[in-house]
Amino acid sequence: MFESLNDPVDVLTAFVDGAMRPIRFRWQGRVVPVRQVTGQWNRREGQAVLRYFAVQGPHEESYELCFDSRGPRWVLNRAWSGPA
Amino acid sequence: MILLVDMDAFFASVEQLHHPHLRGKPVIVCGDPTRRGVVTAASYEARPFGVRAGMPTAEAKRLCPHAEFVEGSPRKYVEKSLELLEMFLTYTPDVEPFSVDEAFLDLSKLGERGATREAAVAMARTIQQRIADEHGLGASIGIGPNKLIAKMASGVNKPRGLTVLDEEEFRQLFWPQDVQELWGVGPKMSEHLKRLGIRTVGDLGRAGEPMLEQSFGAVGVHLKHAAWGRDQTPVVPYHEGVDPKSMGHEVTLPEDSREEAFLEGTLLRLADQVARRLRGEGFVARTLTLKLRDFRFRTITRQKALTVSVDDHLAIFEVAKALWRANWKGEPLRLLGVSASGLEHKGEGEQGELFVQDDRKKTLQEALDKVRDKLGEASVVPAGSLMHRRDTGHVPFGAMKRKDGRTRRAGPEGAAGAQAPITREGAASQVKRTLRDQKRKGS
């Protein structure tokens, strides 16, 4: 099941051709490499734009990261913690 | 010819696309799965277990306990919907977004005489292929000479189906079917028709027009035409823009409640959301509707026509509260909703304000709107609306309690985002709002 987290995380980010892409992030003391970005979408909160990324880790586990331009900061929005 | 592109199990499919481990598994999109609510969408893998949209989440858990229950994110689906609309526009400029996961494409103006049946089929196949290749999603497409037939054809063969019908083929296929299968005939009208001895679409097609008119007014004649597969409703391209007919919000309560302060606080929050949307899009409303659903799932709606138009939350709240007081018998309530209709552009036909605001109030309202435009909806809210947050899960302004009781940090969703209910109607309205915003900014 997915767990809602909203945990601040450090994210190594690449900017290629004007597009932003998370490469790896540090969460709970470990580094999670991003194997694949499987989805992207944006949401506005007032004037701020929140950029969301659905990503897969090395073991095909799923995460949703969010870049909040107000910080700027990265947040791990939710993670799939295995079957319910 | 007209195409209706209907995305297959759209919300659940987008979740499966974003989270590959969910592919091939039953996925149920809902609100916060730890709280009470209803199923917004179910993947095709969940449907054989009897799970359907609109069903209480608790019932879906009983029917399909091994399903993955995913909290939906409206913006995720809205963005995908807008991407798809962009793709449809490469085929024809006449695209009408009918809902968040359905769009009509009018091919009748292509070429000198419009697209032929064969050309429409070829285009539909290309669109299906592109939706699969470029977006990783499935769509069913219906093709017909009008919107009614295209819409009904799209449901004949799902998922990833392609069905073409002309009027004659429409009648052959649908006349033997239950009258409720006809687009526009809901459960109540179906019951009414059956009391008149009209059980099938064919019965409706053969029914006498005077009898239908006597029972249903002008709608009766329209129904008979629909049964024959006749429909003259135009495809309204979104670049021409269509003003919304109504704006509303509703919420399923965390638990059935008869607590007056809590219900009143919830009504105030709903009134505030409706008022913000009205002002945000430059509308005022002349009719307000309250919706109540009790613990037995009995739903009532009550309307009040206003002598003057309104767009501020207190005015809407006062009317909604009066309707609630007049119609609530004290039974535990499950759902509350407030909506505004009879919309007019602000400044058009306004005769004054029901609840006279002095300049200071207006200035305050404008200032508060500016704060929320800049910092987000949860930055300033009416104090009375916080009453509904008295219970366990939510603490205002961005902090939420974890299941273990600790207060968790504010997330980017914020407190308001976390509570926003996910509904198909809400997502559809976001698509249309985004398109209207784009049009406003473009003009």
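Here is a short chat about a predicted model with chains A and B.

Colleague: What should I know about the numbering and the cut-offs on this model?
Modeller: Residues count from 1 along each chain as its sequence is written, and chains are lettered from A and ligands numbered from 1 in the order in which they are written. As the model is predicted, local features need pLDDT of at least 70 and side-chain atom pairs count only at pLDDT 80 or more, while totals for chains, interfaces and linings use all residues.

Colleague: Which element gives the largest share of the side of chain A that touches chain B?
Modeller: Across the interface, 21 residues of chain A are in contact with 23 of chain B (contact: C-beta atoms, placed from the backbone, within 7 Å). Elements giving two or more residues to chain A's side are β1 (2–16), β4 (36–45), β5 (48–56), β6 (62–68) and β7 (73–80); strands are DSSP runs of E, at least two residues, and helices of H or I, at least four, numbered from the N terminus. The largest share, six residues, comes from β4(A).

Colleague: How do α11(B) and α12(B) lie to each other?
Modeller: Helix α11 (260–281) and helix α12 (313–327) of chain B have axes 8 Å apart and an angle of about 135° (axes are lines fitted to C-alpha atoms over the stretch in contact, angles run from 0 to 180 degrees between N-to-C directions). Under 35 degrees counts as roughly parallel, over 145 as roughly antiparallel, 65 to 115 as roughly perpendicular and the rest as oblique. So α11(B) and α12(B) are oblique.

Colleague: And how are α1(B) and α3(B) oriented to each other?
Modeller: Here α1 (10–18) and α3 (74–88) of chain B pack at about 95°, with axes 10 Å apart. That angle therefore makes α1(B) and α3(B) roughly perpendicular.

Colleague: Which residues of α3(B) make that contact?
Modeller: On the α1(B) side, the contact uses Phe10(B), Phe11(B) and Val14(B). Facing them from α3(B) are Lys76(B), Tyr77(B) and Lys80(B).

Colleague: How far apart are the C-alpha centres of domain 2 and domain 3 of chain B?
Modeller: Chain B is split into domain 1 (2–6 + 91–166), domain 2 (170–227) and domain 3 (246–358), with bounds from an automatic or database domain assignment. Between domain 2 and domain 3 of chain B, the C-alpha centres lie 34 Å apart.

Colleague: What share of contacts in chain B joins residues at least 24 apart?
Modeller: Chain B's secondary structure comes to 15 helices and 15 strands. Among its contacts between residues at least 6 apart in sequence, the share joining residues at least 24 apart is 62%.

Conventions. Two residues are in contact if their C-beta atoms, placed from the backbone, lie within 7 Å.
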